[in-house]
Each structure stands twice: as structure tokens, then as C-alpha cells.
Protein chains: 2
Amino acid sequence: MTEKSRLDRQIDFLVEADKLKNTIRATELCDGSRNENSAEHSWHLTLYALVLADQAGPEVDLSLVIKMLILHDLVEIDAGDNPIFGDLDHAAIEAAEQAAADRIFGLLPEDQRDHLRAIWEEFEAARTPSAQFAKSLDRFQPPMQNLASGGGSWTDYDVSEQQIHDRVGSKIVIGAPGLWDYAKARIAAFFATQKST
Amino acid sequence: MTEKSRLDRQIDFLVEADKLKNTIRATELCDGSRNENSAEHSWHLTLYALVLADQAGPEVDLSLVIKMLILHDLVEIDAGDNPIFGDLDHAAIEAAEQAAADRIFGLLPEDQRDHLRAIWEEFEAARTPSAQFAKSLDRFQPPMQNLASGGGSWTDYDVSEQQIHDRVGSKIVIGAPGLWDYAKARIAAFFATQKST
């Protein structure tokens, strides 16, 4: 058996990545017709980044943010999606995601394995302005889906307005405070309507 | 009724873009389980761009390529996907896609409408090195899916090796000749196996 070429290894990785299209999230499409998968969610977030770039602070590198969003959910091929309103064992999730990153980025030629893994690790650590903006977009998109579909995963998980503030708003506000101001007001209006009906 | 804010218009566009997740392509997933949609396809192409950047010529701006790939299929929300091996009325497709671009990019604030539309038009025109590389990736991914699934849309559309050279290879070679060399050899091996069984 001959050794794989650089291009063979790159294509192996890209074919493996196709499996992210079968990772199902708790969030529904805006029309409520089905749950979204992590591949199309990742695309949607890159579009959020392009359109909402004016919400980012001056130290954010938009091009890096987009790379983070392309890569951010790849580990879910092995580790699955963890709904934010479910009961989460953070240590177990992190261990599963690190093992997934070893395997999946490990398909690539070594230089690319290290380069793309480092971008994903920067996103996960959420300490740089670019990672914090990327994380905020990842938390901001699901409420926009739920507002469009009339409840979505909030209804499915019986989520209160306070829980959204605690688990979602507290994250959005770090990297994109203007987006949390916007979401907070729309979420309040949504829950007010729910109470009055 | 008060006028919509900048952020309202941006979110209207992002919610409308969600519909690309319901635009179904001729290409199947690598596991052959279903056809892929244009949103997850767009994500996959951005990953192709990140991983295969070393196949691009020196004048290619990778960051612009990725923006093109994020945006390239949005018009399909109105105009639908046109399978490359189907019978195509190019003038009718172009008219439908221009009308779609008017409507969809038109949801955005004017400055962003013009900026993102210009990126999409550059992709469509396929005259700059970045657009040519982006177009090549868009043609290169489906053969990789078909090779992984054992035929996919080639089987569905009863496509010959020569038709792939004419309709796909002739495009890939413009922006990424190294990728066409690679694909051509793997496609030849695939069709040789088909004949021998």
C-alpha cells in the first residue's frame, strides 16, 4: 500500500466532514419544519458574521471569526450536539470534544492539523476578542430562529425568559452587547405575548 | 408603523437566508443517505477553501473566496438549484437569479446590499482569480461526494466520464488545475471499475 498523498489526506478530511450534515441540533429552522443540522447552522453563522460585522469590537478579526465558525462544530461528528437547555456534564463534553478533535483534525496533513486545531482551540477558549464575537454569534442565532418560528426549542425544552438570560444572554453580551440588547427586547415582547394568550 | 432599524433589516435578511436550508441539490451526501441542501453545501465549500488553499494561484484572496462561497447560492432561495447534468436554459436561469439577487440582497441596509451583491456578482462573472478558484471548488466538491457514495448524481443522471470532463472538468481546470488532475485520475479509476463489473 502506497502512502497517502497530501491531497488524499485533505480529501479524506473533507469527506469525513460531510458527516456534520447528519448532526442534528435542538434548534429548528425558521419555518419550524424540522431541526437544523450543524453543517447548515455553521454556514448560517458565517453569514451572520458577514452581515453583523458592525457589531464587533475594533480588535475583532472578521476573517478569523469566519474561519472559527466554519470549524467550530466539527467535533460534533463524534461528540454530538449538546442542547444549551439540557443537563450538561461540562467535563465529559470537553473530554469527548478533545478526543474528537484529535481524530478529525488528525486526518489532515500535520501542518494543517495544527493550524486548524489551533483556530478551533482559540474559539473554544473564548478569551480573544475574535473568539468572543464568534461565540456570541453562535448564541445569538438560535433565539432569532425561535422568534421566527414562534417558540422552537424554547417550547420544546419549556424554557423561561430568565433561563434565556442566564444561559444565552450572559454569553452573547460578552462579545456582542448590541446584539444582546436587541435580542433581549424581542425576547421580552415574545414572552409577554405568550403570557397574554 | 415605525421604520425598520438597521439591525431589523439585517435580521430580516438572515432569517430569509434560512430558506437556503430547504433548497435541495442533485448531489447526495457522501453516505448516499439523502441529497444535500444548498446551505450545508455552502458550508462544505468554505471548508474546502480553507483546506485546499494551497491549490490556489498567488493572486487569489482566500478571505474573499470564502465570502463568495458563503453567498454564492443565496439566489437559489428563489431560483432553485440547476443540476449541471440537466438541460439548462442559461438565459432564463440568469434572469431568475438576477431577480432573486434584487429581492434577497435588497432586504439588507443599502450599503451592505451593494457590498454583498458586488461579491456575488464577482463570483458569477468568474473573471478574477478569486472567483475562478471559488467556482472551481464549487465544481470539485460534487465529484468528491459521488466518488465517496459510489456514483450519486452520476448514476441518477446516467452521466458518462466524457460528460464529466466537458461540464465539470472544463470548469475546475480554470481555477484549480491541480484539483482537476487529481479528480480526473480518480474519476477514470471509478469508471474503469464500473465497466469491469
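I then asked which residues of chain A lose the most area to chain B. They are Leu14(A), Lys21(A) and Trp43(A), and together they make up 18% of what that side buries. A reminder to myself: this is a predicted model.

Next I looked up who takes part. Chain A brings 51 residues to the contact, and chain B brings 51 residues.

Then I turned to charges. I found 4 salt bridges between chain A and chain B. I looked at one of them, where the side chain of Lys21(A) meets that of Glu36(B) at 2.7 Å, N to O. Lys21(A) had already turned up in my notes, among the residues that lose the most area to chain B. For polar contacts, the count between the two chains is 30 residue pairs, with both residues at pLDDT 80 or more.

Which elements of chain A supply at least two residues to the side that touches chain B? I noted helix 1 (6-17), strand 2 (35-37), helix 2 (38-51), helix 3 (62-71), helix 6 (110-125), helix 7 (129-149) and helix 10 (177-196). Helix 2 of chain A gives the most, with 10 residues. By kind, that side of chain A divides into 27 nonpolar, 13 polar and 11 charged residues.

Last, I checked how the copies are related. The same surface serves both copies, as 100% of the contact residues of chain A recur in chain B.

Definitions and conventions:
Residues numbered from 1 in each chain as written. Chains lettered and ligands numbered in written order. Predicted model: local features only at pLDDT ≥ 70, side-chain atom pairs only at ≥ 80, totals over all residues. Heavy atoms only, no water. Contact = heavy atoms within 4.5 Å. Buried area = accessible area lost by both parts, 1.4 Å probe. Polar contact = N/O pair within 3.5 Å; in protein donor to acceptor, adjacent residues only side chain to side chain. Helix = DSSP H or I, 4+ residues; strand = E, 2+ residues; numbered from the N terminus. Nonpolar A, V, L, I, M, F, W, Y, C, P; charged D, E, K, R; others polar.
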